[in-house]
Amino acid sequence: MDTIEAIILGIVQGLTEFLPVSSSGHLQIAKALMGVEIEQNLLFDVTLHAATVLSTIVVLWSEVARLLRGLFSRRFNEEQAYVLKLLLSMIPIGIVGFTLKDRLDALLESPAILLVVGCMLLVTAALLAFAYYAKPRQKAQLSYRDAFLIGVAQAVAGVTAIYKMGGAQAVAALPGLSRSGSTIATGLLLGNRKQTVAQFSFLMVLAPILGETFLELMKGNLGAQAIGSAPLAAGFVAAFVVGCLACKFMIEIVKRGKLVWFALYCAAAGTVSILSYVL
């Protein structure tokens, strides 16, 4: 993989991380279309995810700063309650990530990866369409129960993947199954407001991805050398810059409730991915 290919993959990651179309699935499709082979798939993907996490912090800095200020108050307050909900939502993906992440590379390198991505994109399309047409009664605020269930939605497909494909992903359940799509759809189906769900979905993934990035970098020096520092840095910068733009765009899209268009896109992309594998 050269620097130009890394930049293109970084742009793909930045564009799709915050859109409910599965960044991990689109990364695999882009690699297949470009004929890119990466010795350390997991290290490269995690680096790109770290870049989009940084873009989340930049775009939502006012909210992050408010939570940090409230966190150190002596009295229990709204900010501390919100942080507890974020921590609660991270438990399921933490369990899946720490127990199953070593199997990810086998899945990413599977000859059937396009078939997996296509099927999961169809599942994402169904989730988004269902969330769009369902009209649950809206709640005043996101509850602890909802926070945990949104976290389960992020992790549950990774558990079933052990039996189906022998692998699971720490930062998204399966390539093609959108993390943001799953969490936002679940939050909406539970009756939460669109803007509340979008913001919670983006914030809840900060700690898991940063933790995964730290662990991979701690043991990934040889992997970084195999990829090359220039392509790794170029991919990171591209994902960060494009991610900042996509994060702002996605929050506005969720507010306006236009998720059905992403459902149609995922259905089309999933069908094309399956056909490319079959044919």
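The model is predicted. The chain holds 14 helices and zero strands. Of its 279 residues, 56% count as buried.

**Fold and helix α14**

- From the N terminus on, the elements read α-α-α-α-α-α-α-α-α-α-α-α-α-α.
- Helix α14 has 20 residues. Its first and last C-alpha atoms are 29 Å apart, close to the 28 Å expected at 1.5 Å a residue.
- Several α14 residues are buried, among them L259, F262, A263, C266, A269, G270, S273 and I274.
- An α-helix has 3.6 residues a turn, so residues three or four places apart point the same way.

**Salt bridges around R66**

- The count of salt bridges comes to four.
- One of them joins the side chains of R66 and E79, at 2.6 Å from N to O. This pair links distant parts of the chain: R66 sits in helix α4 and E79 in helix α5, 13 residues apart.
- R66 is partly exposed, because its relative accessible area is 26%. E79 has a relative accessible area of 16%, so E79 is buried.

**Salt bridges of D146**

- D146 forms a salt bridge with K139, with the closest N and O atoms 2.7 Å apart.
- D146 also forms a salt bridge with R145, where the closest N and O atoms are 3.1 Å apart.
- Is D146 buried or exposed? D146 counts as buried, because its relative accessibility is 0%.
- K139 has 26% relative accessibility, so K139 counts as partly exposed. R145 reaches 52%, so R145 counts as exposed.
- Elsewhere, salt bridges with shared partners join E63, R66 and E79 into one network.

**Positive surface patch**

- K135, K194, R256 and K258 gather on the surface in a patch of positive charge.
- K258 lies in the loop between α13 (229-256) and α14 (259-278).
- K258 counts as partly exposed, because its relative accessibility is 40%.

**Nonpolar surface patch**

- W61, L68, L71 and F72 make a nonpolar surface patch of about 450 Å².
- F72 is placed in the loop between α4 (61-71) and α5 (78-100).
- Why does F72 count as exposed? Its relative accessibility is 68%, and exposed means over 50%.

Terms used: Residues numbered from 1 in each chain as written. Predicted model: local features only at pLDDT ≥ 70, side-chain atom pairs only at ≥ 80, totals over all residues. Heavy atoms only, no water. Patch = residues over 30% accessible without salt bridge, like charges linked within 9 Å, V, L, I, M, F, W, Y side chains within 5 Å. Areas by Shrake-Rupley, 256 points an atom, 1.4 Å probe, with all protein chains shown as cover. Lys, Arg positive; Asp, Glu negative; His and termini not counted. Charge placed at Lys NZ, Arg CZ, Asp CG, Glu CD. Helix = DSSP H or I, 4+ residues; strand = E, 2+ residues; numbered from the N terminus. Buried < 20%, exposed > 50% of the residue type's maximum accessible area, 1.4 Å probe, protein only. Expected span 1.5 Å × (residues − 1).
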